[in-house]
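These are my notebook entries on a structure that was new to me. I set down what I looked up, entry by entry.

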2 protein chains.
Amino acid sequence: VAVPEDDASLGGALMAWRQGLIVPILVGDAGRIHEVARGLGETLDGLEIVDVAEHVAAAGRTVALVNEGRAAAIMKGHLHTGDLLAQVTKRDGGLRGTRRLSHVFVMDVPGLPHPLLVSDAGINISPDLEAKVDIVQNAIDMARAIGMAQPRVGVLSAVETVNTKIPSTVDAAVLSKMAERGQIKGGIVDGPLAMDNAIDLQAAQTKGIVSLVAGKAQVLVAPNLEAGNMMAKELTFIAHAAAAGLVLGARVPIMLTSRADDEKSRLVSCALAQLYDVWKRTGRSPVRMHEEER
Amino acid sequence: VAVPEDDASLGGALMAWRQGLIVPILVGDAGRIHEVARGLGETLDGLEIVDVAEHVAAAGRTVALVNEGRAAAIMKGHLHTGDLLAQVTKRDGGLRGTRRLSHVFVMDVPGLPHPLLVSDAGINISPDLEAKVDIVQNAIDMARAIGMAQPRVGVLSAVETVNTKIPSTVDAAVLSKMAERGQIKGGIVDGPLAMDNAIDLQAAQTKGIVSLVAGKAQVLVAPNLEAGNMMAKELTFIAHAAAAGLVLGARVPIMLTSRADDEKSRLVSCALAQLYDVWKRTGRSPVRMHEEER
């Protein structure tokens, strides 16, 4: 846990610990961490604290703990996301994998019979086609980790037809083909789709779309950060979805919980990191999801 | 009504007529229009039909009816939106006003105490700053036409702070200032805002945003077409909002009803066109909305 120096981040880490989801190593200013713990009425007995006062140095030390094989995931505390991710992505001593980093939300949407994954609502601002390949693959991996055997991925745009004036429709078509050719693995990818015909079967049928994904997408890939972010926040604040997320693409999953997240969201982020870790090591998800094939 | 040659478009026009909302002039292939009417069990007694067989010519004739002062609004029938709008925007004999065309949705969102306007979810793909000025002004005009005295406009992005790497946040800041300086008139404009802190007062307070708009926006301006379109469709298909829309910016309002629209949506589009027309001619909205100032 990088810089667990406020109530939310230290409290969240300790809560996940008591629930048996993680064993936190607290990396930050030890005096400050103890002070926050006292304020929370918590003791830190039995927990390792790595005393590093400065934020960037603490982020670097957190990354080093992973490289030393002592940590299997990273949780963001009270520091700027950019400061943490800069340490993760640095060429020398970072945690770069073969892919770009992207953020994946896993959402429980009232009325939907399955989890809905949304990406990228957090990191990539205007992803080009190569970045979108990684965004899609990271999201598929997350879906598989939570038990979706062949996740149905809808690549979204404003319309469901290719329109050369709307570049995101062209990207979507290319991503679909890349999945057909095995260049993206593990899921059924179809796009362009519009929001309605991605998630609503009747809307898909009205448009006469022949697709294994349309109307029943489990993963929604946004054309850009604004669209992804607005979609995720709308699901949360208007459709009352519960959401938790992870950053994937590095060698270990990263939990970017924010102060606005509630306790459940923090716990679910830890659970997602656990599931992803097990899936990555064993190729199997501990969750066997009840697949509702409509 | 340009090319009312399928059940949905002719039926919609006739329904609005019987409700007293419009007096349609049917511009299209007269034989085909009568045939569709027979299929619907309708007669066209008392209605003017302008017999033009070809779609583009029919769209041109529809536009000419406005220029001749015989029509005060345009309704799209069974032709491509692009074919209709090309006639509207043509330099010679079109209906160009002083602004770019943009689409405005008016939505009734369950749980929100006021209508929510969303723009642009239909026309401008990647609007630059100048186009966004017109998008905001058109949306404010629509809001005023339906009775909002000083509509609160949130200009959306992925975050609520200016980030030079996210150009839509910079545009949003500039649009806010232009409204303060009177370069955009009639509404209170604030941005950048994220989706959550635009519409959810608690989310706005958590972030400590001091704003007359945050948490209670009545108009949401999207950063690009994909984001706007996904936002509107999500509101419709997940949050179960009722929606109707207009294209503004030309000399008369344009109703772009699609086959997927239900009867209520078609009727409300006509009502919006009426309200806008009255507001534009008189400067007053026939609707006096109950303003809930939180």
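**Entry 1: a term, and a residue it applies to.** I take a residue as buried when its relative accessible area is under 20%, and as exposed when that value is over 50%. The model before me is a predicted one. By this cut-off B:V3 is buried, because its relative accessible area is 0%. I found B:V3 in the segment before α1 (7-18) of chain B. Its phi is positive, about 60°, although B:V3 is not a glycine.

Entry 2: A:H240 is not a glycine, yet it has a positive phi of about 60°. I located A:H240 in the loop between α9 and β9 (242-248) of chain A. Is A:H240 buried or exposed? It counts as exposed, because its relative accessibility is 59%.

**Entry 3: cis peptide bonds in chain B.** I recalled that most peptide bonds are trans. The bond from B:S119 to B:D120 is cis, with omega near -5°; B:D120 sits in the loop between β5 (116-119) and α5 (129-145) of chain B. The bond from B:G191 to B:P192 is also cis, its omega being near 0°. I placed B:P192 in strand β7 (residues 188-193) of chain B.

**Entry 4: helix α3 of chain A.** I followed this helix over residues 55-67, 13 residues in number. From first C-alpha to last it reaches 19 Å, close to the 18 Å expected. At its start, a side-chain oxygen of A:E54 comes to within 3.2 Å of the backbone nitrogen of A:V56. The buried residues of α3(A) include A:A58, A:G60 and A:L65. I asked which elements the buried residues pack against. They are β1 (25-28), β2 (48-51), β3 (74-75) and α4 (81-89) of chain A. After the helix comes A:G69, with a positive phi near 80°.

**Entry 5: the contact of chains A and B.** I recorded 31 residues from chain A and 31 residues from chain B in the contact. The buried area is about 2,700 Å², and carbon and sulfur atoms give 75% of it. On the side of chain A, the residues losing the most area to chain B are A:M230, A:E234 and A:I238, together 24% of what that side buries.

Entry 6: How many salt bridges does the rule find across the interface of chain A and chain B? It finds two. I looked up the one between B:D196 and A:K233, whose closest N and O atoms are 3.8 Å apart. Eight residue pairs are in polar contact across the interface. On the side of chain A that touches chain B, α9(A) gives the most, with ten residues. By class, that side has 20 nonpolar, five polar and six charged residues.

Note on methods
Residues numbered from 1 in each chain as written. Chains lettered and ligands numbered in written order. Predicted model: local features only at pLDDT ≥ 70, side-chain atom pairs only at ≥ 80, totals over all residues. Heavy atoms only, no water. Contact = heavy atoms within 4.5 Å. Buried area = accessible area lost by both parts, 1.4 Å probe. Salt bridge = Lys/Arg side-chain N within 4 Å of Asp/Glu carboxyl O. Polar contact = N/O pair within 3.5 Å; in protein donor to acceptor, adjacent residues only side chain to side chain. Helix = DSSP H or I, 4+ residues; strand = E, 2+ residues; numbered from the N terminus. Nonpolar A, V, L, I, M, F, W, Y, C, P; charged D, E, K, R; others polar. Expected span 1.5 Å × (residues − 1). Buried < 20%, exposed > 50% of the residue type's maximum accessible area, 1.4 Å probe, protein only.
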